[in-house]
Amino acid sequence: MSTITGGCMCGAVRYEIDAPPLGGGLCHCRDCQYRSGGGPATAIAFPRAAFRLTQGTLREYWTRSASGGQVGRTFCEVCGTGVSAANSQHPEMIPICAGSLDDPNLFRPQAHVWTGSAPAWHLFDADLPSFPASPG
């Protein structure tokens, strides 16, 4: 497997991942709507141990999720591009924002989650499983 790379819009942040993705999904929770600008967040999960920040600094912002855990979201402190997340209930994983990947085609959504929080205009791929809250 080749190294997966990514970074932010301005180029101040760069990262590498040396593991295949664990899975990906579209999250429609209210917090992800804030992060994305209105639509669902696109996240692809990797083992945290395989992630390396190779350039720049990430800022973090933590909130309490609807499921009760703490969720941290990282972003470039220069341009604001969302890069990754952290979940206190799954510290072994690092969700990466699909848009920060150098090759966003690596993202293969497997499900819609928190669809109960989605506004009426959110679009859903009918071929993917949908969950009104977290499936796990």
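Predicted model: local features only at pLDDT ≥ 70, side-chain atom pairs only at ≥ 80, totals over all residues.
Biologist: In the hairpin of β1 and β2, which glycine takes a positive phi?

Modeller: The hairpin of β1 and β2 has six residues between the strands. Phi is near 90 degrees, a positive value, in glycine 11.

Biologist: Which residues form the covered face of strand β2?

Modeller: Strand β2 covers residues 14-17, and its uncovered face consists of Arg14 and Glu16. The covered face is made of Tyr15 and Ile17.

Biologist: Which residue in β5 is the bridge partner of isoleucine 17?

Modeller: Strand β2 is joined by four bridges to strand β5 (residues 51-55), and the two run antiparallel. The bridge partner of isoleucine 17 in β5 is phenylalanine 51.

Biologist: How many residues of β8 are buried?

Modeller: Strand β8 is antiparallel to β7, with five bridges between them, and one of the paired positions sets threonine 74 against serine 84. In the hairpin of β7 and β8, five residues lie between the strands, and glycine 80 takes a positive phi near 85 degrees. Buried means under 20% relative accessible area, exposed means over 50%, and partly exposed lies in between, with a 1.4 Å probe and protein chains only. Strand β8 is mostly covered, and out of its six residues the number buried is five.

Biologist: Which residue in β9 is the bridge partner of isoleucine 44?

Modeller: Strands β4 and β9 run antiparallel and are joined by five bridges, and β9 is mostly covered, with four of its five residues buried. In β9, the bridge partner of isoleucine 44 is isoleucine 96.

Biologist: Why does arginine 59 count as partly exposed?

Modeller: Arginine 59 belongs to strand β6 (residues 58-64), and, leaving aside its neighbours within four places in sequence, arginine 59 is in contact (heavy atoms within 4.5 Å) with Arg73, Thr74, Phe75 and Glu77. The C-alpha atoms of arginine 59 and glutamine 110, which are 51 residues apart along the chain, are separated by 28 Å. Arginine 59 counts as partly exposed because its relative accessibility is 46%.

Biologist: Is histidine 112 buried or exposed?

Modeller: Histidine 112 lies in strand β10 (residues 112-113), and, leaving aside its neighbours within four places in sequence, its contacts include Leu26, Leu123 and Phe131. Because its relative accessibility is 1%, histidine 112 counts as buried.

Biologist: At what distance does the side chain of histidine 112 reach the backbone nitrogen of aspartate 125?

Modeller: The side chain of histidine 112 also makes a polar contact with the side chain of histidine 28 at 2.9 Å. A polar contact is a pair of N or O atoms within 3.5 Å; within protein, one must be able to donate a hydrogen and the other to accept it, and residues adjacent in sequence count only if both atoms are side-chain atoms. From the side chain of histidine 112 to the backbone nitrogen of aspartate 125, the distance is 3.0 Å.

Biologist: What is the relative accessible area of tryptophan 114?

Modeller: Tryptophan 114 has its place in the segment after β10, and its phi is near 55 degrees, a positive value in a residue other than glycine. Tryptophan 114 is buried, because its relative accessible area is 17%.

Methods. Residues numbered from 1 in each chain as written. Heavy atoms only, no water. Pairing = 2+ DSSP bridges.
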